Amino acid sequence: MIAIGTILVSTGSYVPEYRLTNSMLTNMVDTSEEWIIQRTGIRERRVAVDQTTTELAIVAAKRALEDTDLIPQELDLIVACTATPDSYTPSVACRVQTALQAQQAFAFDLSAACSGFVYATDVVDSYFRAGKARTALVICAETLSRIIDYTDRTTCCLFGDGAGAAVYQWSDRKDGILQTVMGADGSRADALLAKALPVEDPLHPDRAASSAERFLKMNGKEVFRFAARTVPEAIDHVLEGSGITLDQIDWIIPHQANLRIIDVICRRYGLRKEQVYVNLERYGNTSSASIPLCLDEMRRKGLLQTGQHIIFVGFGGGLTYGAVLMCI
Ligand code: COA
């Protein structure tokens, strides 16, 4: 049988147990539960108190594989996405490969912040089309709590920790991934910045930075404007490229950053609330993990059915954005 399309085989996810509620945040910074709900839609987020990014990634990866007929040795590509890796080297992907004993897979990390899952999906699809892999695992895992300044009310209410994973295969189905688009605007990098700096560096004292500089800094309004422009552009692009019309789309799964950004998308396309999956009230913005966390919840609730058309669309640090249209 000739393989001609990239299909989503399975998903998995994991969130740490510790819940940081809006009420708890009001004891930490000058904010209110009403402000957070009205401006973001978020009610609580999870925090990895004693777990690493890699540990979150491994659980999500195992859960994704458990629901398949595959054994880890059949994976030939592992891509991990994270803005919060545990080390400069090795990659999270190599750690996951070892934990799974997926020795046949080549493995690397991809840095595209909150657009990570969209970028990784496109990369996997491209490797499949080039004939360089046939079965791939994408894992998105974040411990953003490590780079959040919990005295900064403009960021600490927004972000949470978690992991999501997806297994893709090159298949004889001609649908699967139908269209992708990715974009970046590096000139806006400072709008969402978390520096990787040595706190103490005796060899290069001029490079020493205060530990505060590693905390995430964000120009919320600029990111909001970027998302409000690029998300509809990306959706339009994948629709036009695939010849699929909006009324054929069963689900739009946006990056879970802010309910007001999702409202912009709904208004722009006249979408009903039931067509757009939202879980940010429980997890906040988990960066690259947000879309696969949604996909896994949807699959386990039976909301994803074979033959449906879905679009997932992301935006974030870089600044980056992208969308994927697929028939599942
Ligand atoms: N609690 C109470 N007040 C807060 C607050 C908080 N947690 N955070 C900010 N404020 C204050 C500000 O200091 C400001 O006060 P001022 O008017 O006295 O200066 C006021 O609320 C309004 O702030 P502003 O930044 O204009 O709010 P906003 O409506 O733009 O909402 C964000 C802020 C961050 C929620 C919004 O800009 C956003 O979601 N942007 C996108 C961010 C994003 O998606 N990032 C991730 C990308 S992957």
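Helices (H or I, at least four residues) and strands (E, at least two) are DSSP runs here, numbered from the N terminus. Keep in mind that you're looking at a predicted model, where local features need pLDDT of at least 70, side-chain atom pairs count only at pLDDT 80 or more, and totals for chains, interfaces and linings use all residues. Residues are numbered from 1 along each chain as its sequence is written, and side-chain values use heavy atoms, with hydrogens and water left out.

**Stop one: S288.** Select the loop between α9 (280-283) and α10, and you'll find S288 there. Is S288 buried or exposed? With a relative accessible area of 1%, S288 is buried (under 20%; exposed is over 50%, partly exposed in between, with a 1.4 Å probe and protein chains only). Now show what surrounds S288: beyond its neighbours within four places in sequence, its contacts (heavy atoms within 4.5 Å) include C81, T82, A113, F117 and E142. Zoom in on C81, whose backbone oxygen lies 3.4 Å from the side chain of S288.

**Stop two: the sheet.** Next, colour the open sheet of 4 strands, which runs β8-β13-β12-β11 with mixed pairing (strands pair if DSSP finds at least two bridges between them). At the edges sit β8 (176-184) and β11 (251-254), each pairing on one side only. Pick out β11 and β12 (residues 309-316), parallel partners over 4 bridges; W251 has I310 as its bridge partner in β12.

Notes. Polar contact = N/O pair within 3.5 Å; in protein donor to acceptor, adjacent residues only side chain to side chain.
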